[in-house]
Amino acid sequence: MKDVIIIGSGISGMACAVACASKGVRVCLVSPFPSERSQSVMAAGGINAVLPEHEPGDSVEKHIEDTLKGGCNLGGNVAVTNLCESAEEIIQYLEKIGTVFSTDDSKNLVRRAFGGQSYKRTYYCGASTGKQIVSALVMEVRRYEAAGVIQRRLWSCFHSALIKDGVCYGAVLFDEAKGQLDAVYADAMVIATGGQNGLFGKTTGSTQCDGYTAGKLFMQGVELKNLEFIQYHPTTMETSQKKMLISEAVRGEGGRLFYIEDGKRIYFMEEKYGPRGNLQTRDVVAREIDKIGKQVFLDISFLAPKEIEQKLPEVKELCKKYGDIDITKESIPVVPSVHFFMGGFAVHLNHETNIRNLFAVGECASMYHGANRLGGNSLLAAMYSGKRAADEIIERTVVKKQPDFTKELEKENKILKEMMTGKSQFPVMYIREMLAETMQKYLGIVRDETSLEKGIEDVEYYLSIANRIKYDSSVMAYMNYSLEGILTLARATLTCAKQRKESRGAHYRRDYSDKDAQFEYATIISYANGEYKVRLDEERSYES
């Protein structure tokens, strides 16, 4: 029987786990917290698909076309085609396992409009679609847990991969309860750790998704892709703790953006882009808000209170709880915020990285979204990628002989023990807060050569003192050992942004404000001996 380790238990991780378990593959599902606390729960708006009862004129081909166009032609044609053609089957599967989609009076699934799409094709569960899908998948995982095929390993964190001669043989995990590292061998490992919110501090996402796994694996030889493409969601509400997502569902239901000038409302998106201006792609809307330089509001109060309660109950509750705003009567003050990462692990169509038997799925894998993700495609990609990686793993031949990593594990445990003794003049959380300030300042919605160079300079300094960090007893041990990996990923991200001397999708440079045909390729970055090497994937080597 084959064994697979899956790092991360959100939607993509669970989708992969269930698909593997259904074919008799033993799964070790690793995460520090239960799935109910994963970032996937926060996904609000919906999931895209073209079903038989689609809007007149819509088609799977139109979905493919919109996705490729939204990604500024950096999403692979074959990959996007496979994704969109699988959407109907995925919706049917989700219904089968208990996902409760919103329906009309005739019990037909209803859909809403989302930005960058030529037709309404986003199916939803109120404004808590992610939560519904997580709940359904959790029940499926529990069935296989009861059968002994899936084992959950909670309160454990990824430390490093067991890699030798370009092949992955498992993972080194840190057990918070034991306070030590354990080697777990497997025939394959799947990374499903989400985006890199930890690089930016206050975002719409979970602080659990900090980017360490990507940074550490990058240091171990795994190639990364398109890190410069970071989606700023145009409508979030700022609180003292984080940026609360105001779902695109609000604009999908007719919400209008405006600012006030001389006592009058200026509906700037409609003035510039016409009646569907509020449903431009997220990168366009975020940049337009950024240009205005004053408070922008989102209004949905013209809808009947009953309709708001029916279609946007979670948004209504969120605004009341965190902003004391009644959206049936008042407009919502909004600001753009880091929301999604189109960049991540460079993976092939089967979701394998450049390291044999090491896969990546969900948001941490860069495949379908190109330079800018369309709302509603992330949940689709999470489900599809998890299943696609599982299909490949199921077909793989079991590794007969595994190398002995005992010496490497002893060395890592010694380093960890030394780190956890003594104190440092540089507290870990202070460095992480400084990093977030740097990234927000120099890798914002609009960048240029000067800002990116300053960002690199800051991160280089943080890296130079990282090895002087010993142990900050005020935080989990994971926070201490993960610092170098996070800083290395930040450095790689800034490097990719500096190398792409054009504006495309979510990457906008004021010093290179137009698209440039010579950059119509993915950015691939690798790391060896402290050196960052960037190339444009002109041969499209990862599209096979």
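Predicted model: local features only at pLDDT ≥ 70, side-chain atom pairs only at ≥ 80, totals over all residues.
## Ring pairs, salt bridges and a helix crossing

Residues are numbered from 1 along each chain as its sequence is written, and side-chain values use heavy atoms, with hydrogens and water left out.

Back to the rings. The structure holds 17 aromatic pairs. Rings of Phe, Tyr and Trp (its six-membered ring) pair if their centres lie within 6.5 Å, and planes under 30 degrees apart count as stacked, over 60 as edge-to-face and the rest as tilted. Phe-158 and Tyr-212 make a tilted pair, 6.4 Å centre to centre with 55° between the planes. Phe-158 sits in strand β7 (residues 156-164) and Tyr-212 in helix α6, so this pair ties together parts 54 residues apart in sequence. Helices (H or I, at least four residues) and strands (E, at least two) are DSSP runs, numbered from the N terminus. Tyr-212 is buried too, at 2% relative accessible area.

The pair of Phe-174 and Tyr-481 is edge-to-face, because the ring centres are 5.6 Å apart and the planes lie at 70°. This one links distant parts of the chain: Phe-174 is in strand β8 (residues 167-175) and Tyr-481 in helix α16 (residues 477-481), 307 residues apart. Both Phe-174 and Tyr-481 are buried. Ring pairs join Phe-158, Phe-174, Tyr-212, Tyr-478 and Tyr-481 into a cluster.

Now for the charges. A search of the whole structure turns up 40 salt bridges, each a side-chain nitrogen of Lys or Arg within 4 Å of a carboxyl oxygen of Asp or Glu. Here are some of them.

| Salt bridge | N to O distance |
|---|---|
| Glu-145 and Arg-152 | 3.5 Å |
| Arg-432 and Asp-210 | 3.8 Å |
| Lys-387 and Asp-391 | 3.0 Å |

What does the bridge between Arg-432 and Asp-210 tie together? Arg-432 lies in helix α14 (residues 428-442) and Asp-210 in the loop between β10 (188-191) and α6 (212-219), so the pair connects parts that are 222 residues apart in sequence. Arg-432 is buried at 10% relative accessible area, and Asp-210 is buried at 5%.

Lys-387 and Asp-391, by contrast, both lie in helix α12 (residues 377-395), 4 residues apart, about one turn of the helix. Lys-387 is partly exposed at 40% relative accessibility, and Asp-391 is partly exposed at 30%. Glu-145 also counts as partly exposed, at 29%. Elsewhere, Glu-228, Arg-500, Glu-502, Arg-504 and Glu-520 are linked in a network of salt bridges.

Helix α12 has another partner. Its axis and that of helix α4 (residues 87-96) come within 10 Å and cross at roughly 85°. Axes are lines fitted to C-alpha atoms, for helices over the stretch in contact, with angles from 0 to 180 degrees between N-to-C directions. That makes α4 roughly perpendicular to α12 (65 to 115 degrees; under 35 is roughly parallel, over 145 roughly antiparallel and the rest oblique). Ala-87, Ile-90, Tyr-93 and Leu-94 in α4 meet Leu-380, Met-383 and Tyr-384 in α12, where contact means heavy atoms within 4.5 Å.

Conventions
Buried < 20%, exposed > 50% of the residue type's maximum accessible area, 1.4 Å probe, protein only.
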